Amino acid sequence: MIIIVIIFLCTNCAFAIPKVTITYEKATNAQEQEILQLIQNSGVVESVVTFINEEFLLDRSINLIIGRGEFPFADFDHKEIFIPFSFVESVFDTFAESQQGANTHQAAMNVLTHIILHEFGHMLVLMYDIPVVGREEDAVDAFATVSLIHFNEEGIDIVKHVAEYYGLDKENIKILRKWDFMDEHSLSLQRHYQISCHLYGSDPQKFKSLPRKIGFSKRRSELCIEEYRRVSASWLNLLKPYLHNSM
């Protein structure tokens, strides 16, 4: 009887391992249905969740909800991450309207990948009280970028689309007000330059034409190399206790 109880308890323990799960909310109109179909057909959400569950140790399960809402956010108290249909639609429209010849579907899904990791970064910071010196939104942007470049063979191409997106979705500088500078997020144009900087710093040879395209000075380009080295080393060091392969 004791042996049976032990086996039963251990079996239950195995199923209780914290992980990220996915919930797709029901679309309520044709636009939402189209976006939902786009997301599901891409397999992007499942791919990101598989990556998180395989690489990270979690002390609680998290539900990733794709559905309704105004903007992406992480709700630590309820262990939920929300990605709205409307946000994905706006990303898709931004690329479509740019008419720059990019694969609109793939570009939008790459931004979705980065955003999910960005929100997951917030969850990790709170879950393990990971120290953040500076603005947390900038820190988890860097977390998402470093995670993609370090762990994903196609990560650099994904980050390239993310940098492009924030450059296309930039604010009209002429109509900015003081509260725009008070927001917890950096301005989209700032995120464009920062992610572009990290992209260049991650592989200066591959992206040797990027500084001129962006308008970085030689000094800023050199700083990007050192900056990415520091930020990637910092994040990878902070994450060591919470990665499966560090056990």
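Me: What does the secondary structure of the chain come to, in helices and strands?

Reply: In this predicted model, the chain has 10 helices and four strands, where helices (H or I, at least four residues) and strands (E, at least two) are DSSP runs numbered from the N terminus. Read along the sequence, these elements follow the pattern α-β-α-α-β-β-β-α-α-α-α-α-α-α. Residues are numbered from 1 along each chain as its sequence is written. Local features need pLDDT of at least 70, side-chain atom pairs count only at pLDDT 80 or more, and totals for chains, interfaces and linings use all residues, while side-chain values use heavy atoms, with hydrogens and water left out.

Me: What joins S2 to S4, and do the two strands run parallel or antiparallel?

Reply: Five bridges join S2 to S4, and the strands run parallel; two strands pair if DSSP finds at least two bridges between them, so S2 and S4 count as a pair. One of the bridges sets Gly67 against Pro84 in S4.

Me: How many bridges join S3 to strand S4?

Reply: Three bridges join S3 to S4 (residues 80-84), and these strands run antiparallel. Phe73 stands opposite Phe82 in S4, and Ala74 has Ile81 in S4 as its bridge partner. The hairpin of S3 and S4 has four residues between the strands, and Lys79 takes a positive phi near 60° there.

Me: Why are strand S1 and strand S3 called edge strands?

Reply: The open sheet has four strands in the order S1-S2-S4-S3, with mixed pairing. Strand S1 (20-24) and strand S3 (73-75) each pair on one side only, as edge strands do. From one strand to the next, the twist averages 20°.

Me: Why is S4 said to be largely enclosed by the rest of the structure?

Reply: Four of the five residues of S4 are buried, and S4 is therefore largely enclosed by the rest of the structure. Buried means under 20% relative accessible area, exposed over 50% and partly exposed in between, with a 1.4 Å probe and protein chains only. Of the 247 residues of the chain, 45% count as buried.

Me: Which helix packs on the sheet, touching S2, S3 and S4?

Reply: Helix H5 (residues 104-128) does, and its direction makes about 155° with that of S4. Helix H3 (residues 44-55) lies across S1 and strand S2 (62-67), running at about 160° to S1. Axes are lines fitted to C-alpha atoms, for helices over the stretch in contact, and angles run from 0 to 180 degrees between N-to-C directions.

Me: What makes H2 roughly perpendicular to H4?

Reply: Helix H2 (residues 30-42) and helix H4 (residues 85-98) pack at about 80°, with their axes 10 Å apart. That angle makes H2 roughly perpendicular to H4, because 65 to 115 degrees counts as roughly perpendicular, under 35 as roughly parallel, over 145 as roughly antiparallel and the rest as oblique.

Me: Why does Cys224 count as buried?

Reply: Cys224 has 0% relative accessibility and therefore counts as buried, and Cys197 is buried too, with a relative accessible area of 0%.

How values were computed
Contact = heavy atoms within 4.5 Å.
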